[in-house]
Amino acid sequence: MSRRRRLALLLVPIGAFLVLANTGSVLAPSWAHHHPALLLSFDSRNRHLLLTVGGGIAPAAFFLIGFVRLLITDPLFYLLGRWYGDTAIRWFERTTGGANGTAAFISRVFAKAGDVLVLIMPNNIVSLLAGHTRMDWRRFAVLDIVGTIGRLIVMWFLGRAFRKPLETVVDWLQRFQWPLIGAFAVIAILNGLRSARAAVPVVEELELLAVEEDDQAEA
């Protein structure tokens, strides 16, 4: 398989899941109450995990959907970091507004406690750094799965402990869902445009790197 095709097989699904996540965030004021399982299938970040508990999601749906949605992108980011190194890190920073130094800070922590980070906060940037540092994929997979299960358990019991306040928040979101959805949509569009403009040079760098690797392989 050519490096250019390999890059596309990573970036296309990553882009699709980012679109799903943004869509879920925009529609969360409505879906948290009416369609909590659908919300989790689009975006299972922590606030949505808690909101769906307040929205009355069934335990089986919470753990099954949450597990699949949280885990499905981690191998993609792991491979992106493993195959494209520093360029992949720059791409992530550009697409997530990394000027705040979050990625750099996590990178420094990862150098000292990579296994712990994968276990306690398995997410996109941690998976990217695991690949970047060439962590053994078997160790990464085990830590990632165990960490994801642990995260879901913590969020479930936390949501149950604060269910009444969460139900109040879900009811408030539902009451003002349309103004909130409109505001979230505007914010998502503006952030998407900014991220796309910032990421274009790095995506071109990734493509150039893939082309150079293909040329070297042919030679």
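These exercises look at aromatic rings in a predicted model.

**Exercise 1.** Classify the aromatic pair formed by tryptophan 31 and phenylalanine 42, and locate both residues.

*Solution.* The structure holds 8 aromatic pairs. For tryptophan 31 and phenylalanine 42, the ring centres are 5.0 Å apart and the planes make an angle of 75°. Rings pair if their centres lie within 6.5 Å, and planes over 60 degrees apart count as edge-to-face. The pair is therefore edge-to-face. Next, locate the residues: tryptophan 31 is in helix H1 (residues 3-34), and phenylalanine 42 is in helix H2 (residues 36-42). The two residues are 11 apart in the chain. Both tryptophan 31 and phenylalanine 42 are buried.

**Exercise 2.** Classify the pair of phenylalanine 63 and tryptophan 156, and state which parts of the chain the pair ties together.

*Solution.* Here the distance is 5.9 Å centre to centre, with 50° between the planes. Phenylalanine 63 lies in helix H4 (residues 59-72), while tryptophan 156 lies in helix H8 (residues 137-161), so the pair joins parts 93 residues apart in sequence. Ring pairs also link Phe62, Phe63 and Trp156 into a cluster.

**Exercise 3.** Decide whether phenylalanine 63 and tryptophan 156 are buried, partly exposed or exposed.

*Solution.* Buried means under 20% relative accessible area, and exposed means over 50%. Phenylalanine 63 has 28%, so it is partly exposed. Tryptophan 156 has 10% relative accessibility, so it counts as buried.

Note on methods
Residues numbered from 1 in each chain as written. Predicted model: local features only at pLDDT ≥ 70, side-chain atom pairs only at ≥ 80, totals over all residues. Heavy atoms only, no water. Phe/Tyr/Trp six-rings, centres within 6.5 Å; stacked < 30°, edge-to-face > 60°. Helix = DSSP H or I, 4+ residues; strand = E, 2+ residues; numbered from the N terminus. Buried < 20%, exposed > 50% of the residue type's maximum accessible area, 1.4 Å probe, protein only.
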